[in-house]
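I opened this notebook to record what I looked up in one structure. The entries follow the order in which I worked.

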Amino acid sequence: MEFSALLTGSFSSSYSSEFFYDEENEVYLKNHNGEKHIDGKDGRQLSFTNVLLLGAKTSLYADTNLVELDWHSGKGIYLTMGTAEKITWKKKSEGSPIELFRADGSVLEMNKGKSYIGVGVADVIMSRNKVD
């Protein structure tokens, strides 16, 4: 599926990210809260070959505004080379790596390059980002 921009889910109204595909350089450029997200060292806009948006179940810790993420499994979206694809993910244990799978259940093999991983509220990520 061709894709040019994607808005990630967030935990609050004060944090949102957009990724715009730059066809010439084959990377996604990141915006933060509507502005270019600039690297503090080199002054360039952050860019990524791969973007993973992982949705996780969440709950609030008792009597706080702190959010607890369920790191067992969830749905997500994988962006690369101007395309978007629905994925699933899981972790076998707290210390294990995140495993990524395509919609057909096969292992997702990501393209080489710099990657961004964003984690948010599952329902928000999947409902704000329509991917066929």
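I began with the terms for the elements: helices (H or I, at least four residues) and strands (E, at least two) are DSSP runs, numbered from the N terminus. The model I consulted is predicted.

**Entry 1: the chain as a whole.** I read the order of elements from the N terminus on as β-β-β-β-β-β-β-β-β-β-β-β-α. I then looked up burial and noted that, of the 132 residues in the chain, 35% are buried. For the accessible surface I recorded about 8,300 Å², with 50% of this area belonging to carbon and sulfur atoms. Among contacts with a separation of 6 or more, I found that 47% join residues 24 or more positions apart.

**Entry 2: aromatic pairs.** I next asked how many aromatic pairs there are. The count is five. I examined F19 and F48, whose ring centres are 6.5 Å apart. I found both F19 and F48 to be buried.

Entry 3: Y116 lies in strand 12 (residues 115-121) and F19 in strand 2, so the pair links parts that are 97 residues apart in sequence. Are these two residues buried or exposed? F19 has a relative accessible area of 0% and is therefore buried. Y116 has a value of 15%; buried means under 20%, so Y116 is buried as well. I recorded F19, F48 and Y116 as one aromatic cluster.

Entry 4: I looked up what sits over the ring of F48. The charged end of K114 does so, at 5.4 Å from the ring centre.

**Entry 5: a loop residue.** Finally, I turned to T64, which I located in the loop between strand 7 (58-60) and strand 8 (67-69). Its relative accessible area is 30%, so I listed T64 as partly exposed. A polar atom of the T64 side chain lies 3.0 Å from the backbone oxygen of Y61.

Terms used
Residues numbered from 1 in each chain as written. Predicted model: local features only at pLDDT ≥ 70, side-chain atom pairs only at ≥ 80, totals over all residues. Heavy atoms only, no water. Phe/Tyr/Trp six-rings, centres within 6.5 Å; stacked < 30°, edge-to-face > 60°. Buried < 20%, exposed > 50% of the residue type's maximum accessible area, 1.4 Å probe, protein only. Lys NZ or Arg CZ within 6 Å of the ring centre and 35° of its normal. Contact = heavy atoms within 4.5 Å. Areas by Shrake-Rupley, 256 points an atom, 1.4 Å probe, with all protein chains shown as cover. Polar contact = N/O pair within 3.5 Å; in protein donor to acceptor, adjacent residues only side chain to side chain.
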